[in-house]
Amino acid sequence: MNTGVKAGIAGAGTALLVLGGFGAYNIVHGLASGTTGGSQASAGKRFDPAAVSSSPPSDTKAVKATQAFLDSWSAQHLEGAAGDTDAPSTAAQGLQGYADGLRLKKLTFDEVVSVGPSTVTPGATKVTFNVTAQMAGGTWSYPSAVAVLQSTGGQVAVHWNNSVLYPGLGDDQSLTAGKLPADANTAKVVASDGKTDLAKFSSLQDIAATIRKNATPAGGSTGTGVAVTNAGGGGTKTVKVFSKGDDPVIKTTIDAHLQAVAERAVKDDQLGGKAAGTVALDWTNGHILAIAHTGADGDIALNGIKSPGSTMKIITSAALFDQAGLTPNSPAPCTDSLTANSQSFHNDSGVRANLSATIAQAFTVSCNTSFIKDGFRDLVHNGDASALHDEAVNVFGMGSWSIGGGVATTDPSIPSDVQGGDQAAQFIGQGKVTATPLFMASVAATVRNSGFHQPIILPTQQQVTAPRTISARTAGYLQTMMRNVATSGTAAPRLSGLAGVGAKTGTAEEGDHTNGWLTAYNSRIAVAALVEGGRSGVDSAGHVVRHLLTGS
């Protein structure tokens, strides 16, 4: 076992000299004598790197050589320090770069100890020490080490590489002190308040990670400290922080309060643990205010592509108004059942037959047969089988949306060429018609705003436009009808009594179960919710939507 050997000057560590005191250093070391300050030069000998002994120098010799090297370096007598190495020219450049890069004021070393043969450099003795560097911005202390070689002639020298300056520093790297660059990898994806980290919300953690990878952060202030930089100047790693800057941020449209409400809403006890997804929008501009979901199928708020059921009757009604010239008072007889293209359709339980019903009345109670009958009579039989598709694309902006930041969404689908029973099923949101809560929230927003704004989660994201603005006539009709649904229709058990609310419920059949839907708006937001396995829209999605509309 090797015994550590310490060396000091007058019982202390290596002398600390102010960089401006070059004259004092040279007087002390005998400038008139012509020596350059290092152990090699003072002995009149030079280390021969071509004649390295395989035997490491003794601990005493290694410490003495290291101490001489550090003495010269601490005084910034860089030529002398470099002369104590096995590569004087390269060492001089490295030492000068260290002083310049850190803007050194003072440099001191202590605890100079030999720890025996080096395990990295063959034939060398390892000497460890502590470095304290005072520079612009602060003081930096770190442990370091050198390997000391011995030549066959008995001379010793510090083996030079950049790790002498700082452990692990590569030959193509250097140290710089001062302002640290704002690190894009530390950027926070935040709500519209500019401070709430989206990662705190379970439903938004994946979304925040995706946005961080794909969006450009803004703001942030640089801290100060020491960084390792590559030869090209690019920052690679911060090794010392003197003052911490503010992380750059990527601001989203998310409303922190409403997001918290949405997170609680999809876990409402009334849902019995069923998977749920919800999206809330600012209907004035399409900004996504909240996204929340539960369940094992991932983000069903943005990607839960399901038949939307009777919420589709908003688009069906718009097509009847815009393309068939009907009004809310147009006849829409509600029968218990109806056969269309050899397929039988029925109403949900509780919907009573009313042969004198109007479109408005059928919408309020959500009579399926009324909308299938009117759809066939006034659209399909008039040669406009693609009427729903056209209305969804041209007025409600259906298409491939990019909400921003690389966040994936699933596109809704209302085929333009459906055949057979699907021609009838489309009018009540069944068959091949599919949608997401994101799309249905946008449908409600379009009605309330009297115009389409594509949903976005980044305020700078470009928004696509709909080919045609919804007519004031059609928007007015739909607003009145949706208000009736909320006050006295299928949504009333959850939403009656709430000011300025319009809504549409939906219960969609899927295999051996149903899914509950509800989309609605108030004076500020438009929202849609889907509950997989929900018995009805109002008794499942209705609970979620109420939470968002009331903000509680």
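These legends describe close-up views of a predicted model.

**View 1. The largest nonpolar core around Phe396 and Leu495.** This core holds 111 residues. Phe396 and Leu495 touch the most other members. Helix α14, residues 437-449, supplies the largest share, eight residues. A second, separate core has 39 residues. Trp73, Leu78, Tyr98 and Met135 are among its members.

**View 2. Contacts of Leu495 beyond its sequence neighbours.** Residues within four places in sequence are left aside here. Leu495 then contacts Ala486, Val501, Ala503 and Leu518, among others. Its contacts also include Ala520, Val545, Arg546 and Leu549.

**View 3. Helix α9, a mostly covered helix.** The helix spans residues 313-324, and nine of its 12 residues are buried. The buried residues are Lys313, Ile314, Ile315, Thr316, Ser317, Ala318, Ala319, Leu320 and Phe321. Just after α9 comes Gly325, with a positive phi of about 70°.

**View 4. The aromatic pair of Trp73 and Phe109.** The structure holds 12 aromatic pairs. In this one the ring centres are 5.1 Å apart, with 40° between the planes. The pair is tilted. Trp73 belongs to helix α3 and Phe109 to strand β2 (residues 104-117), so the pair ties together parts 36 residues apart in sequence. Both residues are buried. Ring pairs also link Trp73 and Phe109 into a cluster with Phe69, Tyr98 and Phe129.

**View 5. The aromatic pair of Phe321 and Tyr477.** The ring centres lie 5.1 Å apart and the planes meet at 70°, so the pair is edge-to-face. Phe321 sits in helix α9 and Tyr477 in helix α15 (residues 472-488), so this pair ties together parts 156 residues apart in sequence. Phe321 has 2% relative accessibility and counts as buried. Tyr477, at 23%, counts as partly exposed.

View 6. Gln76 counts as buried because its relative accessibility is 10%, under the 20% cut-off. Ser342 is found in the loop between β13 (337-340) and β14 (343-346). Ser342 counts as exposed because its relative accessibility is 76%, over the 50% cut-off.

**View 7. A lysine over an aromatic ring: Lys504 and Phe363.** Lys504 lies over the face of Phe363. The distance to the ring centre is 5.5 Å.

Terms used. Residues numbered from 1 in each chain as written. Predicted model: local features only at pLDDT ≥ 70, side-chain atom pairs only at ≥ 80, totals over all residues. Heavy atoms only, no water. Core = buried A, V, L, I, M, F, W, Y, C linked by side-chain atoms within 4.5 Å. Buried < 20%, exposed > 50% of the residue type's maximum accessible area, 1.4 Å probe, protein only. Helix = DSSP H or I, 4+ residues; strand = E, 2+ residues; numbered from the N terminus. Contact = heavy atoms within 4.5 Å. Phe/Tyr/Trp six-rings, centres within 6.5 Å; stacked < 30°, edge-to-face > 60°. Lys NZ or Arg CZ within 6 Å of the ring centre and 35° of its normal.
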